[in-house]
Amino acid sequence: MSPAKSSAAARDADPVGGAQSIFRVLRILKYVGAAPARGVGLTDVARDLGLTPPTAHRMLSALLQEGFLALNPKLKTYSLGRESYILGLAAESRHGIKAIAESAVLRLAQLTGDTSFLSVRSGHEAVCVDRKTGDFPIKILTLEVGHRRPLGVGAGSLALLAFLPNDDIERVLARYDASAAPDLPSTAMLREDIAAARKNGYALNPGRIIPDMLGVGVPVYDREQHVVAALSVAAIRSRLSGARLQEVVAALQRAATELGAELAPRPA
């Protein structure tokens, strides 16, 4: 057998190595998708995803060539490209909770005057899929559309986690890494937040991310009582306390109930 054929046979016989490359590429896509509008550089990708610069460059180049990433020639940063956008449109037509929920998210922002969010679960993370701002001058804009956080970190993310079945919660917590970023709460803190959310019927972020900011969130259930999304509101601490906190919670719960009634049950 020639060296070339031997090498090809070795690659075919090593599905783990091939799968690892696929997982790395998908992690890059998720990472870039969660980045700020200016994009991310090669150094950021290599450092944060634990890749060597040559490996990161090779994978970024492949995604760029296929149109899944775009390169800013001045900043030398990568952002999602045309093909990623097209895939997103295709997914939206099948899983279009954002379109269904948009009016509810907007009403919450108008009613409270603060920033409202719609989040969905993606594996062990929560993804912000919509954000609307109210008319109060001080706006909480810590979470942009497309941004990801570990499940349990933030009000909407906590609502997605706390109201899952117990076994699912334990699986998420088993993979939670509080050391991944300096501002992440400990696992013990997450357990306290989960217990409080279940007791109260809503999730409260008591300033875990920014001390002077509070967030409150509730789960959205489909007709089969699966948690499919979360609605949340974030504001400065003085605007989410006492009687006003309960008013915001009530508004969130009404919106979640109405949204849940609009969602079709999952296929068997």
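Predicted model: local features only at pLDDT ≥ 70, side-chain atom pairs only at ≥ 80, totals over all residues.

Colleague: How many cavities of 30 Å³ or more does the structure hold?
Modeller: Residues are numbered from 1 along each chain as its sequence is written, and side-chain values use heavy atoms, without hydrogens and water. A cavity is a set of points on a 1 Å grid over the protein atoms alone where a 1.4 Å probe fits but cannot get out. The number of cavities of 30 Å³ or more is two.

Colleague: What is the volume of the largest cavity?
Modeller: A volume is the space filled by probe spheres set on the points, which are joined across faces, edges and corners. For the largest cavity this comes to about 170 Å³.

Colleague: Which residues lie nearest the centre of the largest cavity?
Modeller: Lining residues have an atom within 4 Å of a point, and the largest cavity has 21 of them. Nearest its centre lie L143, R149, G154, A155 and G156.

Colleague: How many charged residues are in the lining of the second largest cavity?
Modeller: That cavity has a volume of about 40 Å³, and its lining includes D193 and R208. Asp, Glu, Lys and Arg count as charged. Beside six nonpolar and three polar residues, the charged ones number two.

Colleague: What is the average pLDDT of the chain?
Modeller: Over residues 1-16 pLDDT stays under 50. Still, 89% of the residues score at least 70, and the chain average is 87.

Notes
1 Å grid on protein atoms, 1.4 Å probe; cavity = no way out; pocket = protein on both sides within 12 Å on 5 of 7 lines; lining within 4 Å. pLDDT = per-residue confidence, 0-100. Contact = heavy atoms within 4.5 Å.
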